Each structure stands twice: as structure tokens, then as C-alpha cells.
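Keep the structure open while you read.

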Amino acid sequence: MKEYQTITEISGPLVFAEVDEAIGYDEIVEIETAQGETLRGQVLESSDGVVAIQVFEGTSGIDQHASVRFLGETMKMPVTEDLLGRVLDGSGRPIDGGPDIVPEERQDIVGAAINPYSREYPEEFIETGVSAIDGMNTLVRGQKLPIFSSSGQPHSELAMQIARQASVPEEEDGEGEGSEFAVIFGAMGITAEEANEFMEDFERTGALERSVVFMNLADDPAVERTVTPRMVLTTAEYLAFEKDYHVLVILTDMTNYCEALREIGAAREEVPGRRGYPGYMYTDLAQLYERAGRIQGREGSVTQIPILTMPGDDDTHPIPDLTGYITEGQIYVDPDLNSQGLQPPVNVLPSLSRLMDDGIGEGLTREDHADVSDQMYAAYAEGEDLRDLVNIVGREALSERDNKYLDFADRFEAEFIDQGFETNRALEETLDIGWELLSMLPKEELNRVDEEFIETYYHEDASDADNTEAEATAD
Amino acid sequence: MSQTAQSVREDGVIASVSGPVVVARDLDARMNDVVYVGDEGLMGEVIEIEGDTTTIQVYEETSGIAPGEPVENTGEPLSVDLGPGLLDTIYDGVQRPLDVLEDKMGSPYLDRGVDAPGIELDTEWEFEPTVEEGDEVGRGDEVGIVEETVTIDHKVMVPPDALDEGETAEIVSVESGSFTVEETVAELDNGVEIQMRQEWPVREARPTVEKKTPRTPLVSGQRILDGLFPIAKGGTAAIPGPFGSGKTVTQHQLAKYADADIIIYVGCGERGNEMTEVIDDFPELEDPSTGNPLMARTSLIANTSNMPVAARESCVYTGITIAEFYRDMGYDVALMADSTSRWAEAMREISSRLEEMPGEEGYPAYLAARLSQFYERAGYFENVNGTEGSVSAIGAVSPPGGDFSEPVTQNTLRIVKTFWALDADLAERRHFPSINWNESYSLYKDQLDPWFESEVSDDWAEKRQWAVDILDEEAELQEIVQLVGKDALPEDQQLTLEVARYLREAYLQQNAFHPVDTYCPPEKTYLMLTTIETFHDEAFDALEAGVPIEEIVDTDSAPQINRIGVQEDYVEYVDELKSEITEELRSLY
């Protein structure tokens, strides 16, 4: 392998070197500094005689005498089932003091796109035990459902709760004997404290043995963040499509990933898109998010829950905006609900799961699921609207019907949403609470529910409570 | 993608690689020539020539491609294969059939450097001539028919570039029987041999005689579209909306239920699972007009967001070229592009890699021109062979942050005549389809009214205006309600709000996932409106007669209006409901 000592320019995370052979685009590079330190990088642009290299660990310590080696291959992730239970750094090297990883295969981290023709449409429900998700924004296997949050919100707690509680109802036919659940956790630029919380939770609940953890912390090199999620997803694809696991991937925090993209873009003097983020950010994010899914004829699945903190809690910011256009829905963590002490503080109104309609209903969850969730949305939205009005005119000025909706909204938050981070609610229970709340409203108001289900599930006594009272006084 | 052009011209070598943009040296090429890049032969297209350097956009991943590798020129522009076999197929952005790719690659992942012809070359089709030896034919004329699917007879035509305008030639031989698409089925006296397969460059519109004013609606079975904001066959429409507002569901509904002969669905830079849903659903769904499987009239082009960005740029052109081909056969074609914003972003990405001077928000300065070129290929046309056909183009737009003032939405609105504005607020309260009735418009309304008046009811336009007036009034009243509450309004205004509520909940909302409600024929749309009007008229009569508003609102029959949508025997149901409403309200005074 040829070594070059031909670095001509060092700028931010980029190094430019002269070469006299053909170097492939995306190829991996090792740079050895005068101090004997070896840094890794990747070819960003390759032209006759000059290559641009982005260095994952940052360029400090590199001088013009550092030697550059081109490894002749693109970046690979060593994968094996033994990765389960291991903690790795952002570039896939073990940091838990355990034995070296003996890979079964080395896979290219830039995964090829799944042929849409070969995909299998996701329609199997994942029970997360969180009412706001199971009941109102159901997650299915192979979906990508991000959590939109902002700084200071308990999104990590919610993610941990999902990772802990998520289970896949076993297929009845007894065929699915080998499909186990695995969690792959990819941290990008989170603080050491947050990382500790995750690790403690993993260890406390014994979840670590069915998990692989990739840690790129806040003080680790930013550029490394651009490879961490690719390492994570390569591992996920391997476990899902070759080892039949149902893999849940949690990526946190996508905002840090995008910042790293912007940093590289700026260093390369690219024409910036919105708010300085590179114009190709949509494509880049899609190449990550679209690696969720199921494939025909394979047992496993890759489900993604990326977490992103919206700068300024603004969902029109390019990061949440582009994410929302790619992912199949989103879960909003709401600062107001959080300050009211709701756990988890999920605002179901702007939240959405696009794959929900196909993953619920008879034979999948429960026959009345879709109607109940629709009706609760509508009722909660109406209650929310009325709250604004109450602020102006007071509650007394509103009709009896309006007051019922206001009560509904209050109880919906207190009883349905606020379940606590430690409570694992079965779907049946979630739906039953839903019916209890809906029964506060008169039957005629339930225009989104099939009459048949009203017959079966509506609690007659609950709604008639005021009526009977009224009748009693009339007598 | 077309496969015949293997006459390789001068080769060049790669000088530099950056993402999807490759620069080659010493390549003798014309603009838009298709080239094969590198040792693996990745497909690309020439997009800039400067001295002896040629810039190429590559339709596949370029990882590992190095300077010094060869570049081969085919000397042909990016073209599509046209012929029987286009329908019931799913393509990527450069017309490679995805099922064939899966076979060839032996993997569920899209590998590189694999090519496949756009239409099956080995399949034999039963060709039935419609001309005889000695007949004179001009360009575009039909020479025979092939049953392409159960629904569609594929018309084999003289390629438009085989003869000059106005020139005719005599058929010297024509045969019926089984042929592959490359075998000659007819011969002209000037030596031209006609095969079922034609090629056409995607960036060039197929010729026509003239564009006409469209006067027939593209009936979609969606109440708010047919009832308030109709699109014509040959019309253009834009559906902008923030994420989660239902663009894709609306596009799918149109693809399923629009009464076009042919549907071309272009999934441009969107989700993989969505395309899979289409692939799974369409073969099982019935075409409402023929009862045959929907796929029998559909061709899908799927270039999902993680597939190469350059192919995303071309997929829209691939789609519209196929659409024009069926239009030439005299069919009404509807093309859905989901989403044109992704297409614009692909242009932006390539443009920025070329270091072109950016226009607004980094989009290239030619964005508006490209968009209008695309939408202008839609229309109701007289074809070169004398038949009439149409291409309706419906483009979803995904404005960043849902802000309609951004360049793609604005440039699109300048061209299209129908605007269906999706609204995040409506979506949030699960009002679907979440098309905002105050912001949307259709400029085809007046020219389509005569059709609705003769096919449905002669007071169609009148009833629509009545509904629009009520909704307008509601919008004004709601502003007051926001301030003082509903009960502070006079009773007649409260009643208007109640009527408007039925319009919103029963008429404007439609459940795409309900087996009956998902498709609403125009008659049902009309009857629903008249039922609400009956309630309106009777309720106001009752109010005038002194019945208190609470009693009017509290009737048992009126809420049944919300159930009209899910009724299969709606005519009977509506009849009964109207008399019930009348009876009940009249009984109050």
C-alpha cells in the first residue's frame, strides 16, 4: 500500500492530499501523524491528482508531514450476532473492555437501497405499552417513527420506555419461533450524563444483552457522527434480514447528525441550502431513514425511532421538516404538557403514524381500534379549541355540550396520556380507558364510531350519569 | 431504459468524482447523451460540456468509482422504450423494471451497473392488424391492436418520427400473429419497418396537432374535488401541503378512482413503504369503471428517496413520456407525480454540485422553466393520427414547513389551474381529505359545469354555489365565535353554523379507508348536498315559525346526514332521510 506525505491543505475537518494513482470516491483513508497517532477518514471528492478527505476524529495533530494511506475499500462494519450485549464507540470499536469482535461478515456501511418491489408492506403491530402511541399513533414493524422533541424534554425517558416495553405479539400459527427482539442504540453527540442514564437503564432492566450500543458522545469528533448511524443501520440490517431479529433502532440525536453534515458542507465551501444545511440533506437523511422496513421472504424487520430536538421547538426548521417528509409519521413531545407533569408528555394532535391504518383493526389489534382513536382525536381537538375560548368568555358561558368536551380533554390528558414512564399498558387496557372517556359524551356525538361498536363497548351508565341526575330532580 | 443504442462512440476517462456528479475528460459527447461510467458501467447522462471536460450526472451510487476509469458514450439521448408491456409494471426512474432487477441482482437491494430493457423483449404478443396492404398511413397512424391487459387494447402506431408531417406511405406488408416487440409487424413502401416497440427521448414532448380546451371532468369520486374543485381531463393540478396532511393518500385515491383510461403513478423521492403499498394494493383493487384489477391500467414509476438522486430528476420525464404515448392512442391518461418538490430538490442538488449560480433558496434559476415545461406536456390534444386524447397532470408539492410562499409551490401555482391546498390544522383534527375549501380553487369549474349539468343534474352549479356561500359565511362567523362564543350569536346565524357543520363533516370529509365511502359517484355527491339543503330550508322555516334553535339542532334525523357517505343504496337512504328531516322539523311547529 502506497503512503503519501503530500498533504497540501488542512481546513476544518478536511484534508487535501496530492496522489498519483486513482483513488475511489468514498474510500477509507488512514492518516498517521508525526506523533504516531492513526486517524481515519473518507474520500469526499476524488479528482486527478488531488483528493479531499474528511477526517472522522478531527484534524488536530495533522501536519503536512503526516502520512496518508488509502485502504482501497469503502467503509465496512464487521457484523456478527455476538455484537448483542456489546458497547461500541461511534466508529464501531468496542469500548466495554470486552473481547475483540470476530466478524462473521464485513458489510459496506453505505447500504444499498432496498428495491421497493422486494419490500413487504409493514402491517404488524408493535405493542409499546404507551397509550399515546399504541392507542393513537400505533407503531408497526418496519416503520420509521421519529420523536420530535426539544431541549430539556424527557424524550430519552420515552425512548427508554419504548425500548424496554416493546414487544411483538407472537404469530398464532406457531411458525415464528426464531424471531427475537433486539434493540440497537445509536447515540450521536449526546452528553456523557445522558449516555450514563441510558446505560444504567439498559443494565438495570437487563435489556443490554439483547442490545448493541453505539456511543458517539458530545466531546467525540463531530464528523464521526456521520458514520455512526450507518454503522448502526448496517448492524440492524444484518441482524434483521440475516439473523431474523425484529430490530428496534433508536437514534439520538439526529439534530447533532445534521449539524455535522452542515459542518462538513461548510468546510467544503458548498452552496448551502436552507439555514446553511447542505442541499442534499433530504437525500442524506432518506438514505438513513429508508433503511427501515421489511423484506419479502425474510423473517426480521428494522423499525426506527430517531429522536430529534427541534431547535427553538420549531417543526418548520429544516431538520424536523425534512425528517417529517421522509418518516412515516412523528410523535411530538410537548413542553406544555411536560410542565403540567404529564408522563410521557406526548401531544397526540400533531402526532401521526402513517402506517397505523393498516396495522390495526380486526385480527391485528381490536376491531374498534381505528374508530376509537379517530373519535378521541376529534373530541380532544374540539376540547383543545374550546380551552382557548374558555380563557376569554369563561366556562359558564359555554353550552353543556361544550363543557362535556372540555371535561373530556382534561380527563384524556390525566387518564389516557399520563400513565407514567414505568407503566406498561396492554392495548386492551388502553382501548378500554378510551371507551371509558368516550362514554362521557352522548352517543349521538360519536359520529366516527360504527354503531355496532357503540352497542358493544359504550358505557351506558357513564354518560347517563348527568341525565339520570337531571331526571331524578325532575321527578 | 432503451437498450438498442450500443454503437459506442469515442471513450473518455473519469477526471473527478463527487457524489452523483462525475467529470470526464476527452469524451466526445452531445448534451443529454447517455453514457456508461466506470468499470462497472454505471448509467449517466451528459449535463454540461466545457472544452474537453464533460460533466455527467450518474443514475447510480458512485462509491468506489475512481478517476482514470473509462466512460463510454452511447451517442443517444435518455430514452424510454414504448410498447406493450408498459402497463402492470413497476419501474425505477430510468425505466428499469424493478421486478426484473430483483431477479437479475438476486438480492432485495438495488445493486449497481445492472441494466434491463424497459419492456420485455421475449414476450410474444398477439398482433391484430387494422390496416391492409395498400392502405396509406401517416405518422402516428394505427396499424394494429394488441391486447396489452384485460382493460387496455394497445394500439400499434407508425412512430411519429418515421414520416414527416403530412407525409404518407403505403403499407406493403402487414401480418397478424404472435410477435415479440422487436419483430416487424408491418412494412411501408419507403422502407420503414414498424415494430411494436418505439423509443422516444424523455426530455422531448411527443408531437401533436393542437391543444384543445378540456370540457370533460376527470371524475375522482372524491366529493370535495368533484363537487367544489373539479379538474378536467387534460387539466393540471397541484396538491401542496405540509407533511402529514394527506398528499399521498389524495394521490392514491385519484390513482384508484379517477375515471381515466390509463394511470401513470410517479413516486418521486418518496417513501419506499408507500410504493410497496401501491404494489400490494393495486393488483387487488378493482377499477371502478371496468371491474378489472387496477394494475391493468396502471404503470408505476418508483424512485424512492434513498434511490440515486439523478434518477429522481429523470423519473418525472419518464412518466410523462409514457403518458404521452398512451395519449397518442386516444386514451385519457392521468399522471400523478408525488412529489414534484423532490424532483425540484434533485435539480437543486445537481445544480449545486455543478456550482451553478443559485436562484431563490438555492434552487437553480431554471426551476420555473422546467416546471412549466413539464406541466405544459399535459393537456387535451388532437393527436397526429387524428384521435383525441388527454394527459392530466397532478403534482404533489411538499413545501418546507408547509409554507406556500416557497419557490416550488409558487412557480407551480403560476402554471396549474387547479389548486388543492392541504391544511395541517384540518389534518390535525382528522378532517380528511384535509383540503382547505377557503384556499383551494379550480379554474375549470365553468367549462366543466355543462358536463355535470347534463350528466348529473341541471342545477349542479347552483347547488355548488349555495354550499360555497354557506361555507364562506361560516368562515366569517367563526371569527366572531372565536371572540364571544357561539351562544352569543343570533339564532339564525347559529343555525347557519349548524348547516355548515354538516357540510364539513358529511360532505367535505370522506373516509378513504371505508369500503363504501372511499368512492363517491357524482350523483351521490349531488344527493348529499341536496339533503343538507333540505335540512337548511326546513330548519330555517322552523326557526321562522318560532321553534327554538336548541330543538332544531337536537333532532334525531339530521345527524343521519353524516351516515350518507357509508350507504351503498344511497338513493333510497337519501329519499327516506329527506322526508324524515322534513317531517320531524315540521312536527316542531
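Chain A puts 73 residues in contact with 72 residues of chain B. Keep in mind that this is a predicted model.

**Where the chains meet**

- Roughly how much area gets buried between chain A and chain B? It comes to about 6100 Å², and carbon and sulfur atoms give 51% of that.
- On the chain A side, the residues that lose the most area to chain B are A:Y25, A:Y117 and A:Y325, which together make up 13% of what that side buries.
- There are two salt bridges between the chains. In a salt bridge between A:E451 and B:R563, the side chains meet with an N to O distance of 3.5 Å.
- Polar contacts also link chain A and chain B: 32 residue pairs count here, with both residues at pLDDT 80 or more.
- Which helix of chain A gives the most to the side that touches chain B? That's α10 (residues 369-393), with six residues.
- Sort the residues on chain A's side by type and you get 35 nonpolar, 18 polar and 20 charged.

**Strands that pair across the chains**

- Strands of a sheet pair through backbone hydrogen bonds, either parallel or antiparallel.
- Here, strand β5 (residues 38-47) of chain A runs antiparallel to strand β1 (residues 12-18) of chain B, and two bridges join them.
- To spot this pairing, look for A:S46, whose bridge partner in β1 of chain B is B:V17.

**A sheet in chain B**

- Chain B has an open sheet of four strands, in the order β10-β13-β15-β16, with antiparallel pairing.
- β10 (136-138) and β16 (193-195) are the edge strands, so named because each pairs on one side only.
- From one strand to the next, the twist averages 45 degrees.
- Three bridges join β15 (residues 184-188) to β16 in chain B, and B:T184 has B:Q195 as its bridge partner in β16.

- Most residues other than glycine have a negative phi, and most peptide bonds are trans.
- In chain A, the peptide bond from A:Q343 to A:P344 is cis, with omega near -10 degrees. You'll find A:P344 in the loop between α8 (335-339) and β19 (346-353).
- Chain B has a cis peptide bond from B:D338 to B:S339, with omega near 10 degrees. B:S339 sits in the loop between β22 (332-338) and α6 (340-353).
- B:N32 isn't glycine, yet its phi is positive, near 65 degrees. Look for B:N32 in the loop between β2 (21-25) and β3 (33-37) of chain B.

Note on methods
Residues are numbered from 1 along each chain as its sequence is written. Chains are lettered from A and ligands numbered from 1 in the order in which they are written. This is a predicted model: local features need pLDDT of at least 70, side-chain atom pairs count only at pLDDT 80 or more; totals for chains, interfaces and linings use all residues. Side-chain values use heavy atoms; hydrogens and water are left out. Contact means heavy atoms within 4.5 Å. Buried area is the accessible area (1.4 Å probe) that two parts lose on being put together, summed over both. A salt bridge is a side-chain nitrogen of Lys or Arg within 4 Å of a carboxyl oxygen of Asp or Glu. A polar contact is a pair of N or O atoms within 3.5 Å; within protein, one must be able to donate a hydrogen and the other to accept it, and residues adjacent in sequence count only if both atoms are side-chain atoms. Ala, Val, Leu, Ile, Met, Phe, Trp, Tyr, Cys and Pro count as nonpolar, Asp, Glu, Lys and Arg as charged, and the others, Gly among them, as polar. Two strands pair if DSSP finds at least two bridges between them. Axes are lines fitted to C-alpha atoms, for helices over the stretch in contact, and angles run from 0 to 180 degrees between N-to-C directions.
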